[in-house]
Amino acid sequence: MFDIFFVQQLVNGLSVGFIYALMAIGFTLIFGVLNVVNFAHGEVYMIGSFAGLMSITAFAPPLFVVILVALAFGALAGFGLERIAFRPFRRFRDEASLKSKAVREATLLSSLAISIIVRELAEKIFGSNMQAIPQEYLLLTPVQIGPLTFANGQFLIFGLSIAMLGGLQWLLKRTRIGLAIRAVANNPMGASYVGINTERTIIATFIIGSTLGAVAGLVVGLYQGAIFPAMGFAPGVKAFVAMVMGGLSSIGGAVVCALILGVSEAVTTSFFAQGWGDLVAYVFLVITLVFFPTGLFGGGRERV
Amino acid sequence: MTHRRSFLLASLSLSLLAGNVFAQNKTVAIGYHAPLSGENAQYGILFRNSATLAVDTFNKSGRLPGVTVQLKFEDSKGDAKEGVNIARKFSDDASIVAAIGDFSSTVSMAAGQVYAQTKLAQLSQTASHPDFTKISEYQFRNITTQAYEGPLVANWALSNGAKKIAVVAIQNDWGQSVVSNFVSAVKAGGGEITETELFNPGTRDFRSILTKIARSQPDAIYLGAFYEDGSAFLQQKLQLGLKQQVYGTSSLYEQKLIDLAGPAANNLYLSTTFLVESPEPQVKAFVKDYEARYNSKPQMFAAQAFDATNIVLNAVVAAGGADATRAKVRDALAATKDFPGVTGITSFDPKTREPSKVLARLQIQGGKFVLQK
């Protein structure tokens with residue numbers, strides 16, 4: 001049972017986990033600041049991959065240019081999303097509204113509405129089926145290391161996750177905007193009292209989180225050979241589970257939990273059947289919530 | 001007086017002649033119901049195109065001199081209740097000698113309950129549910145099911161030297177029928193099944209399934225999927241370096257599989273009933289006529305409807321043309337043997353009314369579906 005195929009299975013699981021992690025990073029960042037789930041993150045992910053694919057079919061640029069295109073569209077999508085779905089609910093600045101559950105739920109639903117509208121529009125424009133991707137852009141080139149088989153996309157996804165995680169930590173801990181983001185996440189009213197422009201900080205958070213989401217979508221799309229309007233949904237659910245398991249606002253925790261989910265799915269497939277993979281993932285979620293109500297890495301009330 | 005008498009005679013003979021002509025121009029109707037609106041409308045429209053083409057060609061051919069076959073088309077909207085209403089309407093219409101439809105097994109079976117009581121023969125071009133033909137002796141279909149395709153592919157793989165085979169299929173009713181029919185046929189043929197894996201709809205990452213299969217070391221893999229899952233599976237199989245041959249279900253016969261999977265689709269073996277590029281004369285003629293009339297190449301569904309309509313037309317001829325009754329048409333349908341359709345040579349089993357066909361064997365080579373001998 002514990003042979004080289006098992007090691008290969010762990011590799012498969014980790015690569016699936018890193019896909020969830022890529023998505024969970026941006027997701028958790030936005031949640032940490034607004035304390036509201038951004039359901040449209042999956043659509044930002046989809047927009048990134050479609051923008052990249054369109055630039056590929058139009059100009060066939062090198063891969064890093066395609067990633068830059070996805071970055072730009074992600075930033076735009078994040079800005080637009082915040083403007084349409086989130087800002088209208090921050091009109092009321094009194095303490096009662098800020099603490100109101102109704103306003104939070106309305107925000108959550110407006111992001112869900114935007115996500116459905118964007119997805120349906122994409123289905124109307126591009127059709128709901130998968131788009132053909134030019135073969136030379138697929139990140140599926142085999143890389144043989146000893147008896148194990150990797151794909152070049154797996155290295156890119158791994159590198160990207162590490163870079164995102166490290167870059168984000170640097171941004172949050174070492175820059176002024178990062179300080180502002182942490183302040184707003186901690187206490188939005190307090191932050192505005194000490195002179196932080198909360199509006200701008202929130203916009204910046206959305207732009208950063210969405211660019212990460214868009215790049216994730218592009219890279220995963222090219223790695224799985226699957227770009228289609230509903231592509232953000234399934235990994236979005238897993239990213240959400242990872243975020244909850246990790247303690248809602250710990251980015252590192254979400255990444256670790258995403259990896260746990262990916263590996264548990266692969267190992268379940270190996271020992272039982274693929275149909276049991278999701279079940280095991282959700283059993284992990286329930287166990288975590290029962291024994292660690294604040295998540296594995298929740299630790300008190302500090303966010304981000 | 002004589003003039004007048006001859007005029008009377010002439011007019012009498014003329015009216016007799018006219019009466020004769022009128023009697024010769026008898027109309028026999030075929031009822032066709034399929035979704036023309038709603039979710040599955042695209043299929044119903046293909047069916048109507050093909051059926052109209054088949055009936056028009058038949059009327060022009062003069063195979064039944066003096067008889068015009070009329071096609072009465074109704075929109076079932078993909079709704080079982082609509083299907084029942086249409087079945088009642090068709091049953092009450094004395095000119096209709098046989099019915100074709102519906103698209104889905106659900107609607108076909110709902111309508112079939114009515115036809116079983118009113119004793120009107122029903123032929124569905126696509127209903128593949130095992131219970132459809134079990135409703136009564138009035139139900140027929142010309143689509144082959146996995147019960148037919150599975151053993152065929154199993155024997156093909158076995159004769160190609162694959163003794164140990166792994167099966168991967170989508171987790172739904174159809175996928176399970178893919179697995180059960182194929183597995184029993186392989187075992188009956190002396191082969192061995194190394195692994196059976198059902199994947200959830202929406203799976204994008206097949207690497208863990210592929211790794212599990214690789215461990216069981218089969219000679220070949222049988223894949224029951226549609227083209228999107230199929231292309232992802234084949235791409236990841238290539239990336240993981242699995243060398244096994246892959247046999248696919250006929251559902252993978254789609255140009256889009258090659259568009260999506262690219263070189264990873266090469267060497268895939270699959271069977272199909274309808275091949276657009278087939279050199280057979282009847283297929284060539286059908287593709288040419290269909291394209292000329294509707295400006296698109298016919299696909300499998302259009303071909304199924306074309307054959308269904310022609311099988312019924314054949315039965316009407318065999319049942320005596322102008323004198324065809326519902327009972328005679330049913331018996332003629334049950335006696336359908338070696339019908340040379342565009343989806344292969346079709347015969348109906350007189351007892352179970354299940355179709356058997358000669359399936360074409362294909363392999364994808366250099367990005368093209370290539371017919372195998």
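Tutor: What follows is a set of questions on terms and the values behind them.

Tutor: This is a predicted model, in which local features need pLDDT of at least 70, side-chain atom pairs count only at pLDDT 80 or more, and totals for chains, interfaces and linings use all residues. Residues are numbered from 1 along each chain as its sequence is written, chains are lettered from A and ligands numbered from 1 in the order in which they are written, and side-chain values use heavy atoms, with hydrogens and water left out.

Student: Why is A:Asp3 with B:Arg215 called a salt bridge?

Tutor: The term requires a side-chain nitrogen of Lys or Arg within 4 Å of a carboxyl oxygen of Asp or Glu. In this pair the closest N and O atoms are 2.7 Å apart, so the pair meets the rule. Across the interface of chain A and chain B, the rule finds one salt bridge.

Student: How many residues does each chain bring to the contact?

Tutor: Chain A brings 34 residues and chain B brings 28, where contact means heavy atoms within 4.5 Å.

Student: What area do chain A and chain B bury between them?

Tutor: About 2500 Å², 50% of it on carbon and sulfur atoms. Buried area is the accessible area (1.4 Å probe) that two parts lose on being put together, summed over both. In chain A, the residues that lose the most area to chain B are A:Phe5, A:Met130 and A:Gln274, together 26% of what that side buries.

Student: Which residues form an aromatic cluster with B:Tyr32?

Tutor: B:Tyr43, B:Phe47, B:Phe73, B:Phe103 and B:Phe301. Rings of Phe, Tyr and Trp (its six-membered ring) pair if their centres lie within 6.5 Å. Over all chains, the search finds 26 aromatic pairs.

Student: What is the form of the peptide bond from B:Gly101 to B:Asp102, cis or trans?

Tutor: The bond is cis, with omega near 5 degrees.

Student: What is noted about phi of B:Lys119?

Tutor: Phi is near 55 degrees, a positive value in a residue other than glycine.

Conventions. Phe/Tyr/Trp six-rings, centres within 6.5 Å; stacked < 30°, edge-to-face > 60°.
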